[in-house]
Amino acid sequence: MNAKTFSYGILRAIGIIVAIILLLFFLYQIQSVLVYIAVAGVISLIGRPVVIFLRSRFHIPNQIAVVMVLLLVLCVFIGIILVFVPIVIEQSHHLGQIDIEAFKSDINEMNSQINDYLGVKDINIMESLKQSEFVQSFDINLVPKFLNSVFGILGATLIAVFSIIFISFFLLKDSKLMLNSILVFANKGEEDKFQRVFNKIKILLSRYFVGLTMQVTVLFILYVLLLSIFEVNNPVAIAFICAFLNLVPYLGPIFAGALMALFVISSNLGADFQDIIVPKLLFVMLGYGISQLIDNFISQPLIFGASVRSHPLEIFLIILIAGLIFGVLGMVVAIPFYTALKVIAKESLSEYKIVKRLTRDL
């Protein structure tokens, strides 16, 4: 190897490294756009079966079917806003009319009842709140900053919704749009393999996200019924938050249960702790546990078994590893990402025994 060839190799390697760094920097700068595309992709995967159903069953033109699906998605988003905005306004109105002394009295009364119920004498809620780092370091100047951030978030949300709907329209309208974009990276003669992998991933993920939507919907209905029976304030909003938290595997249901318990207690603030709050809390938590059993033994096996075709232990380990490495976000995207990797491995590395073992059901 002469000096010229060696120098060329070094320069080429440096050029590749610089190009990769620039690409990663560029992707980091447009991360919001990538998120819009990812969310639009999920909407298209969920909405595509509906579009096909409307076309085949009712003979509705493709574009009209796509518009109907997107209007349904938009209605769901608007419905969520209509559920939460009045609650925020109502709570803001109540905050302005709070009798601080009565609130302190209710807290102290509940504190006394908790102490009597638990048989202790040294728990003081008000003193704990006063000595907390948050209360001692609270700065009133944070309020206008918080309001500015809220308005900024609202503006960014409107831009995000418009962008996602716009991208989703074209992904639903032309099912081959994403495929044609991916085929650009395929070597000549490998287009058929890329197409098989893409179609398999699309079918599996479409089933997964549709099933996930059904899972959250079932939990939402169960939570609404549970909270309404026990007359907890704002049952629809609380049920939606708790059902949505269930998207985070394993940790989500724990946080949702704690949040539901907190809302039950806050809805009965001032009532007798032992005779009213404790029984109601126990019944709500029992109902929540039954809902989780329905989800764990009926909904999830149907979703994971029929869609991603992976063993429950395999799914658990993948979610655990993704959570340790990438946190909560990793736990959320672990299953669809792992499913895509399995399909790719089956097409490209099928000669290996471990790949054959993991992908035998695909």
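The model is predicted, so local features are taken only at pLDDT of at least 70 and side-chain atom pairs only at pLDDT 80 or more, while totals for chains, interfaces and linings use all residues. Residues are numbered from 1 along each chain as its sequence is written, and side-chain values use heavy atoms, with hydrogens and water left out.

**Whole chain**

Start with the cartoon view. The protein has 14 helices and zero strands; helices (H or I, at least four residues) and strands (E, at least two) are DSSP runs, numbered from the N terminus. Of the 362 residues, 28% count as buried. Buried means under 20% relative accessible area, exposed over 50%, and partly exposed in between (1.4 Å probe, protein chains only). Among contacts with a separation of 6 or more, 64% are between residues 24 or more positions apart; contact means heavy atoms within 4.5 Å.

**Nonpolar patch**

Select I16, I20, L23, L24, F26, L27, V33, L34 and I37. Together they form a nonpolar patch on the surface with about 760 Å² of accessible area. Patches are made of residues with over 30% relative accessible area and no salt bridge, with like charges joined within 9 Å and nonpolar side chains (Val, Leu, Ile, Met, Phe, Trp, Tyr) within 5 Å. A salt bridge is a side-chain nitrogen of Lys or Arg within 4 Å of a carboxyl oxygen of Asp or Glu. Both α1 (3-29) and α2 (31-58) supply at least two residues of the patch, and the largest share, six residues, comes from α1. Centre on I20, which sits in helix α1. I20 counts as partly exposed because its relative accessibility is 45%.

**Aromatic pairs**

Next, show the aromatic side chains. The whole structure holds eight aromatic pairs. Rings of Phe, Tyr and Trp (its six-membered ring) pair if their centres lie within 6.5 Å; planes under 30 degrees apart count as stacked, over 60 as edge-to-face and the rest as tilted. Zoom to F53 and F58, an edge-to-face pair with 5.8 Å centre to centre and 80 degrees between the planes. F53 is partly exposed, at 40% relative accessibility.

Move on to F230 and F283, which are stacked at 6.0 Å centre to centre with 15 degrees between the planes. This pair links distant parts of the chain, 53 residues apart: F230 is in the loop between α9 (191-229) and α10 (235-245), and F283 is in helix α12 (residues 273-308). F230 is partly exposed at 21% relative accessible area, and F283 is partly exposed at 48%.

Then select F162, F166, F169 and F170, which ring pairs link into a cluster.

**Helix α9 and its end**

Colour α9 along its length. Its 39 residues reach 57 Å from first C-alpha to last, close to the 57 Å expected at 1.5 Å a residue; the expected span is 1.5 Å times one less than the number of residues. Just after α9, look at E231, which takes a positive phi of about 55 degrees.

**P253**

The last stop is P253, in helix α11 (residues 251-267). Is P253 buried or exposed? P253 counts as buried, at 17% relative accessibility. Leaving aside neighbours within four places in sequence, P253 is in contact with L245, N246, V248, Y288 and Q292. Draw a C-alpha to C-alpha distance from P253 to Y288: 9.5 Å in space, for 35 residues in sequence.

Note on methods:
Accessible areas come from the Shrake-Rupley method with a 1.4 Å probe; for residues, only the protein chains shown count as cover.
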